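Colleague: I am new to this structure. Please show me how to read its features, one at a time.

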Amino acid sequence: MRRIPAVLTVLAFSAPFSPEGQAIPIARAPAAVRPFIQRADAAFTRIRSAHLTELAGTMRANGAAGAIGVCHLSSAAVMDRIRREEQIAVGWTSDRLRNPTSTPPAWAAPIVRQKAGARAASVSGFYVDLGDRVGVLRPMPEVALCAGCHGPADKLSPGVRAVLKDRYPADRAINFKDGEIRGWLWAEIWKVERRRQVYLLPCELDRARNPPEDRLVLPELLVW
Ligand code: HEC
């Protein structure tokens, strides 16, 4: 049977979101907002799992000093894929940055500042109504695995200290305590899903208009 799925998902919001720009704890999110938080959480799960797998592997093989050179490369690649494939702006940040380019987006900055030094377990996360998008922010705890590169300064190995001095001269991302918020994952989810425009060759256009039976065809629609 031939099915033409909806190309543009338009979500209707029955319940008001929240006053625009105001950070609301995720636990208080109304039903209309939860699908956006779920999408952000799915992206965060992919990033966290790439991050932890990468860290565990490289630290085991090379120790912290050896791992620091490649550290976070695969999590950065996953973030890049999420941005391109899912049209989700996503990133990580902190109140004490190692890489100065990881500054929080303006909507997240006050929360990051306000929760500096808090226990990660006491903060589940926040959402912010950004008008056409929903911003979602979840804390990342400092755990034992992070200590070799973000822990107490006197516990960092000379090798790690040398790499930090060389590559991150303005590094502030040390002295985090176990269980403290080390940083945050943030995402901006469009309220109306966006699709990239796909240019079809004439033969592909013909196939899209007259699809063979039993083939699922997704006609692409330009929405930006
Ligand atoms: C092997 C060393 C190493 C370990 C272990 C490590 N990190 Fe990092 N971390 C880095 C480096 C290097 C950067 C800067 C990466 C870049 O240039 O973007 C960084 C950056 C970050 C950032 C981005 C914000 C910033 O400060 O630039 C977060 C968040 C972060 N790390 C969290 C963690 C957490 C949570 C753990 C433990 C689960 C961890 N890291 C373990 C080396 C490490």
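Modeller: Strand β4 (residues 133-141) pairs with β5 in the antiparallel sense over 9 bridges. Strands are DSSP runs of E with at least two residues, helices are runs of H or I with at least four, and both are numbered from the N terminus. This is a predicted model: local features need pLDDT of at least 70, side-chain atom pairs count only at pLDDT 80 or more, and totals for chains, interfaces and linings use all residues. Residues are numbered from 1 along each chain as its sequence is written.

Colleague: What is the bridge partner of G135 in β5?

Modeller: Strands of a sheet pair through backbone hydrogen bonds, either parallel or antiparallel. Two strands count as paired if DSSP finds at least two bridges between them. Here the partner of G135 is E188.

Colleague: What is the order of the strands in the open sheet?

Modeller: The 5 strands run β1-β3-β4-β5-β2, with antiparallel pairing. Strands β1 (23-25) and β2 are at the edges with a single partner strand each, so one side of each has no neighbour in the sheet.

Colleague: Is R113 buried or exposed?

Modeller: A residue is buried if 20 or more other C-beta atoms lie within 10 Å of its own, exposed if 12 or fewer, and partly exposed in between, with C-beta atoms placed from the backbone. R113 counts as exposed because it has 10 C-beta neighbours inside 10 Å. R113 lies in helix α3 (residues 109-114). Between R113 and R96 there are 9.4 Å in space, C-alpha to C-alpha, and they are 17 residues apart in sequence.
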